[in-house]
Amino acid sequence: MKKSDVSQGQPASELISKRIAELGDWRGETLGRMRQLIKEVDPDVVEEWKWMGTPVWARDGIICTGESYKDKVKLTFIKGASLKDPTPLFNSSLDGNARRAIDILEGEEVDESAFKALVRQAIALNSASKSKPSKKTKT
């Protein structure tokens with residue numbers, strides 16, 4: 001098991017499941033549903049537990065983080081500014097150069113197919129940048 005997969009002796013997936021259960025309300029249900037959608041897009045997505053308790057989903061780099069606040073669940077796509085968002089789902093962190101986020105409030109439904117499309121794009125972007133030779137090696 002990789003070091004990044006373990007915190008306090010527990011696999012990240014267990015810590016994320018525990019967080020969802022601890023929330024015990026609409027936020028837990030929402031975070032759990034978004035987690036399920038991410039895994040439906042790519043069952044090989046790696047779950048990580050970073051920054052003192054933030055669920056992270058990664059594939060060749062971070063796809064997004066899932067944070068819960070009193071009034072919302074926030075899914076932050078690290079390279080969100082580079083993703084096409086025709087629906088649009090991104091409604092937060094729109095002024096930054098890289099990140100974009102989706103804030104989900106109680107009772108809100110997220111367009112599942114549009115969300116899955118964002119996850120697919122994020123994975124493709126991570127994979128492309130991982131396999132691309134560095135610009136310094138061009139002649």
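Buried means under 20% relative accessible area, exposed means over 50%, and partly exposed lies in between, using a 1.4 Å probe and protein chains only. On that scale Lys79 is partly exposed, at 33% relative accessible area. This is a predicted model: local features need pLDDT of at least 70, side-chain atom pairs count only at pLDDT 80 or more, and totals for chains, interfaces and linings use all residues. Residues are numbered from 1 along each chain as its sequence is written, and side-chain values use heavy atoms, with hydrogens and water left out.

**Overall fold**

- The chain has 3 helices and 7 strands. Helices (H or I, at least four residues) and strands (E, at least two) are DSSP runs, numbered from the N terminus.
- Along the sequence the pattern reads β-β-α-α-β-β-β-β-β-α.
- Of the 139 residues, 40% count as buried.
- The accessible surface of the chain is about 8300 Å². Carbon and sulfur atoms account for 50% of that surface. Areas come from the Shrake-Rupley method with a 1.4 Å probe; for residues, only the protein chains shown count as cover.
- Contact means heavy atoms within 4.5 Å. Among contacts between residues at least 6 apart in sequence, 50% join residues at least 24 apart.

**Aromatic cluster**

- The structure holds 2 aromatic pairs. Rings of Phe, Tyr and Trp (its six-membered ring) pair if their centres lie within 6.5 Å; planes under 30 degrees apart are stacked, over 60 edge-to-face, and the rest tilted.
- The ring centres of Phe77 and Phe90 are 5.5 Å apart and their planes stand at 75 degrees, so this pair is edge-to-face.
- Phe77 sits in strand E6 (residues 72-77) and Phe90 in the loop between E6 and strand E7 (100-105), so the pair ties together parts 13 residues apart in sequence.
- Phe77 is buried at 0% relative accessible area. Phe90 is also buried, at 9%.
- Phe77 and Phe115 make an edge-to-face pair, 5.9 Å centre to centre with 75 degrees between the planes.
- Phe115 belongs to helix H3 (residues 112-131) and Phe77 to E6, so this pair links parts 38 residues apart in sequence.
- Phe115 is buried, with a relative accessible area of 0%.
- Phe77, Phe90 and Phe115 form one aromatic cluster.

**Charges over rings**

- A charge sits over a ring if NZ of Lys or CZ of Arg is within 6 Å of the ring centre and within 35 degrees of the ring normal.
- Lys50 lies over the face of Trp51, 5.7 Å from the ring centre.
- Lys72 lies over the face of Tyr69, 5.8 Å from the ring centre.

- The expected span of a helix is 1.5 Å times one less than its number of residues.
- H3 has 20 residues and should span 28 Å; its end C-alpha atoms are 29 Å apart, which agrees.
- Buried residues of H3 include Phe115, Leu118, Val119 and Ile123.
- The buried residues of H3 pack against helix H2 (26-41), strand E5 (62-68), E6 and E7.
- H2 has 16 residues and reaches 23 Å from first C-alpha to last, close to the expected 22 Å.
- Among the buried residues of H2 are Trp26, Leu31, Met34, Arg35 and Ile38.
- Asp25 caps the N-terminal end of H2, with a side-chain oxygen 2.9 Å from the backbone nitrogen of Arg27.

- Glu47 is found in strand E3 (residues 46-50). Glu47 is buried, at 9% relative accessible area.
- The side chain of Glu47 makes a polar contact of 2.7 Å with that of Arg35. Another, of 2.9 Å, joins the side chains of Glu47 and Trp57.

**Surroundings of Lys79**

- Lys79 lies in the loop between E6 and E7.
- Not counting residues up to four places away in sequence, Lys79 touches Ala98, Leu125, Asn126 and Ser129.
- The side chains of Lys79 and Ser129 make a polar contact of 3.3 Å.

Methods. Polar contact = N/O pair within 3.5 Å; in protein donor to acceptor, adjacent residues only side chain to side chain.
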